[in-house]
Amino acid sequence: KSLLLMVVGRNFLKVKKTLITIFLLILCVNYSFAENLNFKKIVNLKSSWGSTFISDTELLITEKSGKIKLININTNRISSVNHNLNYLEHGQGGLLDILFKDDFVYISYTENRGDWKTSTSIAKSKFDKKNLIFKNIFQANPPIDSGYHFGSRLAIKGNFLFASAGERGQGMIAQDPTKHPGSVIRINIDGSIPKDNPKFKGKSDWLPEIYQIGIRNPQGLTLSPFDGKIYMSNHGAKGGDWFGEAKKGENYGWKILGWGGTNYSGIPIGPKWKPGFTKAIKYWVPSIATSAITIYKGKEFSEWNGHALITSLKDKSLRKLIFDDLSNVKEDIIFENKIGRIRDIQVHPNNGKIYFLGEDALWLMENN
């Protein structure tokens with residue numbers, strides 16, 4: 001009996017040591033990156049939301065409260081840029097994403113449509129460092145009296161402008177292709193409609209600007225420089241955030257699907273996924289409050305090339321996804337709680353260093 005107890009005890013210790021080793025390895029994999037990173041605050045901001053490089057040394061940023069600012073990342077100088085947008089800061093709305101491309105500036109914003117009704121709208125201006133004269137090229141209709149779920153991010157692929165429009169807290173409106181809220185929008189960069197949008201390819205009941213439906217609150221959208229695909233991130237409710245591909249004519253399922261989450265009351269929404277709907281690449285339950293994303297390409301973190309970088313509001317983290325094998329998506333937590341809630345991410349066009357918009361500052365992340 002004593003011999004048996006000794007054998008069992010030794011085996012138990014071996015198992016215990018193995019489990020501890022596995023646990024420590026997991027910790028090393030998930031958090032080893034943070035030790036090799038250097039964070040530097042560039043400038044203080046207020047309610048910052050979107051950012052875009054206009055040169056190697058300058059960024060345009062939006063503040064939700066209605067300001068557009070030009071920041072020199074070498075001198076830390078901040079200049080205010082005037083604009084003519086008819087915006088309304090209401091709840092989660094205000095000035096949202098901003099994108100510079102070929103001497104033009106595109107912006108998504110909460111447009112004041114009267115009587116507290118607003119829409120996620122997109123406007124375009126010729127670039128000017130002092131004064132931007134915007135003209136609308138898209139309005140999400142119908143306008144809605146709600147301060148929730150505007151989205152919204154922008155991405156340009158060739159002559160196409162992609163944008164995400166949240167469902168404004170209206171749930172099943174995301175399943176109605178005769179209304180814009182809760183969808184991915186694709187228009188030409190001049191505001192005209194692409195002739196191969198779903199409306200003209202078998203989806204005759206869809207609005208002509210709609211590319212994909214069934215979205216809740218998508219605050220990440222980016223063009224991959226590797227495979228040319230558009231990727232996006234989306235807030236679930238109580239759980240069910242996801243990262244996935246924007247796919248023409250398809251449906252991510254909100255609010256038929258809950259993506260693993262529940263209503264805030266705790267009442268179930270629906271299954272995580274079922275056939276007939278677009279399946280996300282990665283789900284998070286519980287929610288991490290996904291915000292901006294990018295597919296990394298650069299020199300500073302060259303081992304990350306082709307990987308997705310996902311920013312978070314809730315746990316204030318940066319996560320890296322390796323998703324070339326969709327059956328085995330790997331996630332690393334690069335850091336948590338270093339710079340507060342992260343609203344946007346930009347990769348420097350030359351050196352590959354990473355710039356983050358926290359909600360109250362612009363930060364630089366580089367290798368030590």
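Analyst: Happy to. A residue is called buried if its relative accessible area is under 20%, exposed if over 50%, and partly exposed in between, with a 1.4 Å probe and protein chains only. By that rule, buried residues make up 54% of the 368 residues in the protein. Do bear in mind that this is a predicted model, where local features need pLDDT of at least 70, side-chain atom pairs count only at pLDDT 80 or more, and totals for chains, interfaces and linings use all residues. Residues are numbered from 1 along each chain as its sequence is written, and side-chain values use heavy atoms, leaving out hydrogens and water.

Now to the sheet. Helices (H or I, at least four residues) and strands (E, at least two) are DSSP runs numbered from the N terminus, and two strands pair if DSSP finds at least two bridges between them. Four strands form an open sheet in the order β19-β20-β21-β22, paired antiparallel. Its edges are β19 (290-295) and β22 (330-336); each has a single partner strand, so one side of each lacks a neighbour in the sheet. From one strand to the next, the twist averages 20°, with axes fitted as lines to C-alpha atoms and angles running from 0 to 180 degrees between N-to-C directions.

Within the sheet, β20 (residues 308-312) and β21 (residues 317-322) are joined antiparallel over 4 bridges. Here Ala308 sits opposite Leu321 of β21.
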